[in-house]
Amino acid sequence: MRPPLWLLATITIAASIGMHLMVPALPAAAAELGVTARQVQLSVSVYLLGLATGQLLWGPVSDSVGRRRTLVVGISLFAASGLAAAAATSLEMLLAARVLQALGAACGMSLGRAIVRDTTEGVEMVRQLAMLGLMVLLSPGLAPMPGGAIANTLGWRAVLVALGTLGLFSLWMTVRRLPETCPSMRAFEIRRVAADYAGLLRDPRFMGLALGTGGVNTAPFAF
């Protein structure tokens, strides 16, 4: 059974929404927590750090235990950390919860595309990957609008509750609608994973494509 594209899109863009939905709520969060605007902006910086780190981890883990089980753990972490961030009483608590939230979000961001590659090929695979890429690029521009509306009407904590709710919905649908798609599983070995990443870093074709894609994606994030 092929997983629905809308579900893969939801778990993929949750990572981007998790960062950009929060941006309009930062001034209110800074005022309530008694910190400066610069300090509360660290919640965006640490979120990006968690996303970058998490993507390196979840792929190899899913090759060992399967996409579905890995997603259940990652999305659960995203949902629980979002609700924990909503209850934060200090900047330190908020930052810790946001790091964990990003680590969980990185799971869907990386495995959504992996599942497309598991279940499709040829033109259909290109079409679905392009659709996921388009939605990831659009979300930074669209997410601040509902984020601002929620923050202005219900408060900044409601934004984080909304993210936690999105995580719970994604978890529920993943359990119900997502089959296991990993074509073959192999034992997780740190040495092998490190060697694989080292090989990629030495591959000029991969590095050119990775840097080009990173540059394209950085522009809307910076904006």
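This is a predicted model: local features need pLDDT of at least 70, side-chain atom pairs count only at pLDDT 80 or more; totals for chains, interfaces and linings use all residues.
Met131, Leu134, Leu138, Leu142 and Met145 together make a nonpolar surface patch of about 480 Å². Helix α7, spanning residues 122–142, is the main contributor to the nonpolar patch and supplies four residues. Met145, a further member of the patch, is placed in helix α8, which covers residues 144–154. The relative accessibility of Met145 is 56%, and the residue therefore counts as exposed, the cut-off being over 50%.

The largest pocket has a volume of about 1,800 Å³. Its lining comprises 45 residues, and those nearest the pocket centre are Gln55, Met109, Arg113, Thr213 and Asn217. Two or more lining residues come from each of the helices α1 (5–20), α4 (42–65), α6 (91–119), α7, α10 (190–201) and α11. Among these elements, α11 gives the most to the lining of the largest pocket, with eleven residues.

The mean pLDDT of the chain is 91, with 98% of its residues at 70 or more. Of the elements of the chain, helix α5 (residues 67–86) has the highest mean pLDDT, at 96, whereas helix α11 (residues 204–222) has the lowest, at 83. The element with the lowest mean pLDDT is accordingly the one that gives the most residues to the lining of the largest pocket.

Conventions. Residues are numbered from 1 along each chain as its sequence is written. Side-chain values use heavy atoms; hydrogens and water are left out. pLDDT is the predictor's confidence in each residue, from 0 to 100. Patches are made of residues with over 30% relative accessible area and no salt bridge: like charges are joined within 9 Å, nonpolar side chains (Val, Leu, Ile, Met, Phe, Trp, Tyr) within 5 Å. Accessible areas come from the Shrake-Rupley method with a 1.4 Å probe; for residues, only the protein chains shown count as cover. A salt bridge is a side-chain nitrogen of Lys or Arg within 4 Å of a carboxyl oxygen of Asp or Glu. Buried means under 20% relative accessible area, exposed over 50%, partly exposed in between (1.4 Å probe, protein chains only). On a 1 Å grid over the protein atoms alone, a cavity is a set of points where a 1.4 Å probe fits but cannot get out, and a pocket is an open set with protein on both sides within 12 Å along at least five of seven lines; lining residues have an atom within 4 Å of a point. Grid points are joined across faces, edges and corners, and a volume is the space filled by probe spheres set on the points.
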